[in-house]
Amino acid sequence: MDKDIMIKVKDVSMRFNLGIDKGFSLKQGFVNLLDPKMRKKHKEEKKKNDFWALKDVNFNVQKGEVVGFIGSNGAGKSTLLKVVAGVMKPTKGKVEAYGTICPMIELGAGFDMDLTARENIYLNGAVMGYSKQFLDEKFNEIVEFSELKDFLDVPVKNFSSGMIARLAFSVATLVEPEILIVDEILSVGDLAFQAKSEAKMLNMITGGTTVLYVSHSLESIRKLCDKVIWIEHGVIKAIGGKEVCDKYAEYINKNI
Amino acid sequence: MKNIIYSIKKYKFLLYELVARDFKVKYKRSVLGVLWSLLYPVLTMTVMALVFSNMFRVSMPDVNYLVYLMSGLIIFNYYSEASNLAMSSVVGNFSLINKVYIPKYIFPLSKCIFVGINFLLTLIPLYAIILLTGTGVNIHHLLLPFGFICLFMFTVGMGFILATISVFLRDMFYIYGVMITLWMYVTPIMYDFAMIPAKFQLIFKLNPLYWYIYFTRDIILYNQVPNLNVWIYCLGSSLLFLFIGMFIFKKYQDKFIYYV
């Protein structure tokens with residue numbers, strides 16, 4: 001059974017310092033230097049600014065499981081996905097992932113607006129860690145799916161936002177990764193493309209890959225996920241099957 | 001070590017794409033395009049030559065001043081441009097760093113390679129001047145790549161250090177702008193090193209760029225193989241800064257995401 005575990009999240013905590021943007025100022029440094037009382041106060045203030053986006057989060061994901069994450073805004077869902085994807089290192093704890101990860105946290109990361117669609121397909125593919133050979137093979141497939149064949153040599157800055165999203169979606173979904181991380185993007189573009197992209201997403205999700213899926217649509221979570229994790233204020237409130245969705249809905253209703 | 005090799009293998013294509021991107025974007029919409037890489041150093045050199053040989057009457061008795069100027073200039077320009085781009089590369093690619101996992105060292109490295117290719121192009125006008133002025137080419141020129149590789153390693157190391165500092169301290173962009181101006185004047189690019197008072201010469205020699213330029217000029221202008229100690233200074237300084245840079249960058253890279 002241990003062999004089937006794809007992702008192990010162990011005691012993961014993540015601390016942000018909200019005061020970081022204030023940074024270090026010369027004035028503050030000077031005051032601290034002269035006045036020990038102020039120094040102490042400053043230190044305490046710094047500590048107060050500490051914000052734990054995640055606190056001792058533990059869970060395992062098995063192969064082929066579709067895990068849904070629910071919780072209010074700022075609960076720590078996206079942070080958790082970023083930690084799993086390796087974008088951030090947890091302050092404490094450990095994340096182990098066995099398999100290639102395709103993070104669809106934001107589409108079109110790494111597009112260069114001055115480059116053409118063709119050039120961006122390769123650039124974006126490279127950002128996601130694919131080889132040139134692989135992209136050469138899949139190039140036609142990507143172009144076909146995005147339906148942007150006539151605009152291949154147009155700089156992306158002249159694209160409409162819908163077209164950019166279509167291109168990004170087509171590049172991002174060109175493989176079937178072992179672990180797919182999806183942050184609230186099931187469909188993009190116009191109506192026709194929305195249907196197409198949603199079908200593709202569903203295909204990927206139900207096709208046996210391990211999926212971590214964040215959404216505010218309880219309906220889609222109920223439909224797709226085997227396991228639901230409810231996060232609130234950085235702590236796992238409940239973990240289990242679809243019944244977690246009901247608990248969450250109840251909690252929301254009570255708090256309105 | 002095994003990890004490093006694996007990540008270089010995996011991200012080789014990304015490195016290539018990032019360098020290619022810089023090239024495509026740099027010359028987009030410019031009529032002369034890549035020709036600017038050749039023309040630009042020639043034009044700056046001409047301006048400097050006019051100013052320094054006519055107005056300040058810098059004279060080099062044994063060697064051709066144009067070749068002297070050009071050889072120092074292309075080396076310093078490489079360092080200056082590459083280190084500046086490398087410094088802003090991490091901050092500038094924040095939108096990527098924040099969304100996908102990419103080894104972050106790839107950004108400063110790609111900038112140093114990109115400017116490096118430009119540097120190789122500037123060798124064309126350099127050799128044109130060498131031939132036109134009758135300075136001549138000899139077998140020792142085959143040793144030049146050693147100096148260039150040292151220059152590259154030094155620049156990558158400095159790029160890592162600067163990129164790390166600038167993430168935490170944005171003031172660095174301004175500070176370094178001033179530093180690089182000072183650096184240009186303490187590097188013997190347009191004047192003869194012998195003009196420097198003897199008591200300051202030791203300080204000037206602490207500048208690694210001095211040694212890369214010295215190595216290059218020894219070969220190009222004086223047709224001789226540089227002394228052993230020059231080789232050691234070049235290699236030693238470049239490896240030292242490369243390792244310091246790698247160490248600092250590796251130590252702080254996980255914190256970048258909170259500050260950019």
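Predicted model: local features only at pLDDT ≥ 70, side-chain atom pairs only at ≥ 80, totals over all residues.
Residues are numbered from 1 along each chain as its sequence is written, chains are lettered from A and ligands numbered from 1 in the order in which they are written.

Helices and strands are DSSP runs numbered from the N terminus, helices being H or I with at least four residues and strands E with at least two; on this basis chain A has nine helices and nine strands. Six strands form an open sheet of mixed pairing in the order β5-β6-β7-β3-β8-β9 of chain A, where two strands pair if DSSP finds at least two bridges between them. β3(A) is joined by four bridges to strand β7 (residues 210-214) of chain A, to which it runs parallel, and A:Val66 stands opposite A:Val211 in β7(A). Four bridges also join β3(A) to β8(A), again in parallel, with A:Gly68 opposite A:Val228 in β8(A).

Strand β8 (residues 227-232) of chain A is in turn linked by five bridges to β9(A), and these two run antiparallel; here A:Glu232 stands opposite A:Val235 in β9(A). Helix α9 (residues 243-255) of chain A packs on the sheet, where it touches β3 (66-70), β8 and β9 of chain A, and its direction makes about 30 degrees with that of β8(A). Axes are lines fitted to C-alpha atoms, for helices over the stretch in contact, and angles run from 0 to 180 degrees between N-to-C directions.

For chain A as a whole, 39% of the 256 residues count as buried, and the C-alpha atoms fill a box of roughly 65 × 45 × 40 Å, taken along the principal axes. Residues 24 or more positions apart account for 74% of the contacts in chain A with a separation of 6 or more, two residues being in contact if their C-beta atoms, placed from the backbone, lie within 7 Å.

In chain B, helix α6 (residues 144-168) and helix α10 (residues 228-252) pack at an angle of about 30 degrees, with their axes 7 Å apart. That makes α6(B) roughly parallel to α10(B), the term applying to angles under 35 degrees, with those over 145 counted as roughly antiparallel, 65 to 115 as roughly perpendicular and the rest as oblique.

Between the chains, 20 residues of chain B are in contact with 24 residues of chain A. On the side of chain B that touches chain A, α1 (2-26), α4 (94-97) and α11 (256-259) of chain B each supply at least two residues, and the largest share, eight residues, comes from α1(B).

Key
Buried ≥ 20, exposed ≤ 12 C-beta atoms within 10 Å, placed from the backbone.
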